[in-house]
Amino acid sequence: MSTSPQQDPRDRPARLTVGVVGAGRVGPALAAALQLAGHRPVAVSGVSDASRRRAAQLLPDVPLVSPAQVLERADLVLLTVPDDALPGLVEGLAETGAVRPGQLLVHTSGRYGARVLDPALRAGALPLALHPAMTFTGTSVDVQRLVGCSFGVTAPEELRLAAEALVIEMGGEPEWIAEENRPLYHAALALGANHLVTLVAESMELLRAAGVEAPDRMLGPLLGAALDNALRSGDAALTGPVARGDAGTVAAHVAELRRHAPQTVAGYLAMARATADRALAHGLLKPELAEDLLGVLANDGTDGTDGTDGTEGTEGDAR
């Protein structure tokens, strides 16, 4: 076993000064991860009190300055602002001469590829799109979650290796996404992650209304198993009354939701229809059972009925 001392990350060659424009939940975490790899955060911009607190927690002693001053001080600049604000920010920085030739300019938007940085490219910057496929809390736990996290990477071909190297230094796994596929890539992530939060929150509210004292404890094992099964088996993991074609049970669900939580009905019906379509396509839902089920799901209650056929479901489990 080698007894030679480990090299200090700060002594590695080609270490970069790092700046953050937009101290939301993402930027400080990425800068902190780069700091662990030996790079040196030197400047952060943030407007709100929450942004300033995050920067102070994750990047202590790094000065808070204006966006233009961030670009003045840093070799690598992270543009971590909301998607809709990114094009205007890039144009403004380029027009004011803040962008320096040879400067690495990295945005973390899932929606956009590298072309949104074209104004900075024309000013001599090196454009990279590095989107972490992760949800962020704005705390130090985010840095730990980056280990093994996939990043959607888009960059000019000549910068591909540099982009992938930065992701690896942050502990992530680079996944190349073509420029034209960025919106579809981002829609897929939003469909899975953002909508999952809504579904889980609604499910917990309904369980509380049903008298369950600890809905999180009840849902945790069930949802963990469902997620694991789905990731392993895809549509073959579908279970429950829709996949079984239990029209009476689904009708009873809809009636109860109309009575106790009418705001959840539209979402329930939409997801049940999508589930029925996938179950039919993959041979899980028998065609002879699908007609009654689809009839229940087609009734949104706007005709004055309650969506039931007078039957009650008999199975109360989560199969």
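This is a predicted model: local features need pLDDT of at least 70, side-chain atom pairs count only at pLDDT 80 or more; totals for chains, interfaces and linings use all residues.
**Entry 1: α8 and α9**

I began with helix α8, which covers residues 182-209, and helix α9, which covers residues 215-233; I find that they pack at an angle of about 130°, with 9 Å between their axes. Because angles from 65 to 115 degrees count as roughly perpendicular and those over 145 as roughly antiparallel, I note α8 as oblique to α9. I also looked up the hand of the crossing of these two helices, and it is right-handed.

I then listed the residues that meet: on the α8 side they are V200, S203, M204, L207 and R208, and on the α9 side P215, D216, M218, L219 and L223. Sorted by class, the residues of this contact between α8 and α9 are 7 nonpolar, 1 polar and 2 charged.

**Entry 2: α11 and α13**

The crossing in which α11 passes α13 is right-handed.

In this contact A247, V250 and A251 of α11 meet D292, L293, V296 and L297 of α13. I count by class 6 nonpolar residues and 1 charged residue in the contact of α11 with α13, with no polar ones.

**Entry 3: the second largest pocket**

I went on to the second largest pocket, which holds about 880 Å³ of space. Its lining is made by 34 residues, and those that lie nearest the centre of the pocket are V26, H131, M134, F136 and H186. The elements that give two or more residues to this lining are β5 (126-132) and α8, the helix from my opening entry. I see that α8 gives the most to the lining of this pocket, with 8 residues. By class, the lining of the second largest pocket divides into 16 nonpolar, 16 polar and 2 charged residues.

For the largest cavity I wrote down a volume of about 40 Å³. The residues that line the largest cavity are L30, L34, L76, L78, V106, T108, L130, F151, L166 and M170, and the elements giving two or more residues to that lining are α1 (27-36) and β3 (76-79). I sorted the lining of the largest cavity into 9 nonpolar residues and 1 polar residue, with no charged ones.

Definitions and conventions:
Residues are numbered from 1 along each chain as its sequence is written. Side-chain values use heavy atoms; hydrogens and water are left out. Axes are lines fitted to C-alpha atoms, for helices over the stretch in contact, and angles run from 0 to 180 degrees between N-to-C directions. Helices (H or I, at least four residues) and strands (E, at least two) are DSSP runs, numbered from the N terminus. Angles under 35 degrees count as roughly parallel, over 145 as roughly antiparallel, 65 to 115 as roughly perpendicular and the rest as oblique. A crossing is left-handed if the near helix is turned anticlockwise from the far one by less than a right angle, and right-handed if clockwise. Contact means heavy atoms within 4.5 Å. Ala, Val, Leu, Ile, Met, Phe, Trp, Tyr, Cys and Pro count as nonpolar, Asp, Glu, Lys and Arg as charged, and the others, Gly among them, as polar. On a 1 Å grid over the protein atoms alone, a cavity is a set of points where a 1.4 Å probe fits but cannot get out, and a pocket is an open set with protein on both sides within 12 Å along at least five of seven lines; lining residues have an atom within 4 Å of a point. Grid points are joined across faces, edges and corners, and a volume is the space filled by probe spheres set on the points.
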